[in-house]
Amino acid sequence: MARREISGRRAPTSDPEWLTLGQAAKYLGVAQSTIRKWSDQGRVPAFYTPGGHRRYRRGDLDAFLQRSASPSRHQSVGPSILIVDDDDRIREFVRVNLEMEGYTVREAGSAEEGLTALEEEPPDLILLDVMMPQVDGWEMLRRVQERHGVGAIPVVMFSGKVDDETLADAESRGAQAFIGKPFNPQQLIESTKQLLPV
């Protein structure tokens with residue numbers, strides 16, 4: 001029978017509702033270092049085995065996800081980000097991580113979708129992939145600037161292919177930052193936090 005009481009914040013090791021650090025990170029879709037940080041900040045309750053390993057209760061993780069997804073809980077919604085990329089996995093990874101940090105994130109799978117989302121509600125920052133089918137990131141950047149003015153909405157460009165020429169190109173075209181090869185989504189998240197603190 002599963003124990004519900006925990007004395008001295010010690011977690012039982014046999015209860016299936018308890019997850020290891022790695023399982024909890026996978027469950028939330030974040031890096032292990034991220035969930036460690038949230039535990040240290042007191043945002044996600046962590047319990048410890050006699051050996052000193054962290055354990056997370058599934059119910060606590062669900063409650064944390066619910067709180068993070070519910071803007072009504074906060075007095076004001078965090079800064080809004082629009083991520084435009086044709087790679088679903090990258091969009092999801094970046095969105096989940098930024099939402100956990102307090103941002104409001106919308107996704108677009110193409111430049112056309114991104115431009116439509118932009119017209120519905122301009123974001124505080126755009127994260128824009130360079131390499132996309134049909135309309136690429138450079139063309140979308142040009143259209144954003146045409147409609148809203150250069151620099152009116154900060155844009156961070158990213159791509160798996162980058163050289164000195166591309167970096168210079170991004171700067172001359174008015175992008176606030178450029179994240180290149182080897183592309184690391186975590187780098188994109190850190191750049192966002194520096195450019196647009198919550």
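**Group meeting: a parallel sheet and its helices**

Hi everyone, let's start with the open sheet, whose five strands are paired in parallel in the order β5-β4-β6-β7-β8. Strands here are DSSP runs of E with at least two residues, helices are runs of H or I with at least four, and both are numbered from the N terminus; two strands pair if DSSP finds at least two bridges between them. β5 (104-108) and β8 (177-179) are the edges, each with a single partner strand, so one side of each has no neighbour in the sheet. On average, neighbouring strands are turned by 20 degrees against each other, direction ignored.

A quick word on provenance: this is a predicted model, where local features need pLDDT of at least 70, side-chain atom pairs count only at pLDDT 80 or more, and totals for chains, interfaces and linings use all residues. Residues are numbered from 1 along each chain as its sequence is written, and side-chain values use heavy atoms, leaving out hydrogens and water.

Further in, β6 (residues 125-129) and β7 (residues 155-158) run parallel and are joined by four bridges. Asp129 stands opposite Phe158 in β7.

Now the helices. α4 packs on the sheet, touching β4 (80-84), β5 and β6, with contact meaning heavy atoms within 4.5 Å. The direction of α4 makes about 170 degrees with that of β5; axes are lines fitted to C-alpha atoms, for helices over the stretch in contact, and angles run from 0 to 180 degrees between N-to-C directions. Helix α6 (residues 137-148) lies across β4, β6, β7 and β8, at about 155 degrees to β6.

Thanks, happy to chat!
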